[in-house]
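Hello,

Here is the structure I promised to hand over. Please have a look at it first, and then read my notes below.

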Amino acid sequence: MTVKRIALALWIFCCAHVALADELRIPVPGEGWTLKLDAPAMSEVPAAREGHVYSGNAGKLNLSLHVSKPLCEGGDSDDNRYKCFVKKMQSFPYIVSNSVRANTVAGGVQVTYLIEVPVGERKVRAFNLYYLFVKNGKWADLHVSLVQPSKDELESVFKLIETVTVIDENPSL
């Protein structure tokens with residue numbers, strides 16, 4: 001009985017990072033808007049990449065936001081942004097074949113896939129979800145990844161994405 005209680009406590013601790021939601025606000029410097037979403041309490045992680053706005057993690061969950069000038073020619077359509085992203089994905093190592101899925105969602109495009117990375121004699125899986133959208137002529141991607149996800153944790157990632165809202169700092173302009 002004690003082993004079962006310990007296992008349950010570890011499972012609750014592990015999954016609580018994904019399941020518990022706080023309001024996360026990510027201001028986009030110089031752009032006049034903020035991204036708001038319900039996410040677990042995140043530990044911010046510094047990153048030095050052009051267009052980087054935010055990176056954070058909560059246990060097995062990682063989240064980042066990048067905003068930049070359009071990455072490809074051809075306009076801001078969902079189809080063009082998706083095709084541009086697919087070209088970029090060709091350089092991503094370890095993508096599980098046939099795991100890539102994409103669909104149009106409110107305000108943008110959602111792309112998901114799995115990666116499987118060899119670690120010693122085993123393989124570690126990570127689920128990745130990108131929400132691609134345009135705001136004021138800039139391309140944004142909100143990336144959420146989850147290491148060794150359970151079904152419940154995957155559902156919480158999709159619920160997290162459903163809470164994304166863009167807030168204009170100067171709505172009268």
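In which strand is Ser 64 found? Ser 64 belongs to strand 5, where helices (H or I, at least four residues) and strands (E, at least two) are DSSP runs, numbered from the N terminus.

Before I go on, a word on the source. This is a predicted model, in which local features need pLDDT of at least 70 and side-chain atom pairs count only at pLDDT 80 or more, while totals for chains, interfaces and linings use all residues. Residues are numbered from 1 along each chain as its sequence is written, and side-chain values use heavy atoms, with hydrogens and water left out.

**The chain**

The chain has three helices and ten strands. Along the sequence they follow the pattern α-β-β-β-β-β-α-β-β-β-β-α-β. Of the 173 residues, 36% count as buried, meaning under 20% relative accessible area, with exposed being over 50% and partly exposed in between (1.4 Å probe, protein chains only). Among the contacts with a separation of 6 or more, 47% come from residues 24 or more positions apart; a contact means heavy atoms within 4.5 Å.

Seven strands form an open sheet in the order 3-4-5-9-8-7-6, with antiparallel pairing. Two strands pair if DSSP finds at least two bridges between them. The edges are strand 3 (43-44) and strand 6 (101-105), each of which pairs on one side only. Helix 2 lies across strand 6, strand 7 (108-119), strand 8 and strand 9, and runs at about 10° to strand 7. For that angle, axes are lines fitted to C-alpha atoms, for helices over the stretch in contact, and angles run from 0 to 180 degrees between N-to-C directions.

Three strands form another open sheet, in the order 1-2-10, also with antiparallel pairing. Here strand 1 (22-28) and strand 10 (165-168) are the edge strands. From one strand to the next, the twist averages 30°. Strand 1 and strand 2 (residues 33-39) are antiparallel and share seven bridges, and Asp 22 stands opposite Ala 39 in strand 2.

Strand 4 is mostly covered, with five of its seven residues buried. Two bridges join strand 4 to strand 3, and Glu 44 has Gly 56 of strand 4 as its bridge partner. Strand 4 and strand 5 run antiparallel and are joined by six bridges. Across this pair, His 52 stands opposite His 66, and Tyr 54 stands opposite Leu 65. The hairpin of these strands has two residues between them, and Gly 59 takes a positive phi near 65° there.

Back to Ser 64: is this residue buried or exposed? Ser 64 has a relative accessible area of 10%, so it counts as buried. Leaving out residues up to four places away in sequence, Ser 64 touches Tyr 54, Ser 55, Asp 141, Leu 142 and His 143. His 52 is twelve residues from Ser 64 in sequence, and their C-alpha atoms are 7.9 Å apart.

**Pockets**

Rolling a probe the size of a water molecule over the atoms shows where empty space is left. On a 1 Å grid over the protein atoms alone, a pocket is an open set of points where a 1.4 Å probe fits, with protein on both sides within 12 Å along at least five of seven lines; lining residues have an atom within 4 Å of a point. Grid points are joined across faces, edges and corners, and a volume is the space filled by probe spheres set on the points.

- The largest pocket has a volume of about 390 Å³. Its lining has 23 residues, of which Val 67, Ser 68, Lys 69, Leu 71 and Trp 139 lie nearest the centre. By class, these lining residues are eleven nonpolar, four polar and eight charged. (Ala, Val, Leu, Ile, Met, Phe, Trp, Tyr, Cys and Pro count as nonpolar, Asp, Glu, Lys and Arg as charged, and the others, Gly among them, as polar.)
- The second largest pocket holds about 190 Å³. It is lined by 13 residues, and Arg 49, Ser 64, His 66, Tyr 130 and His 143 lie nearest its centre. Strand 5 gives the largest share of this lining, four residues. The lining has three nonpolar, seven polar and three charged residues.

Best wishes
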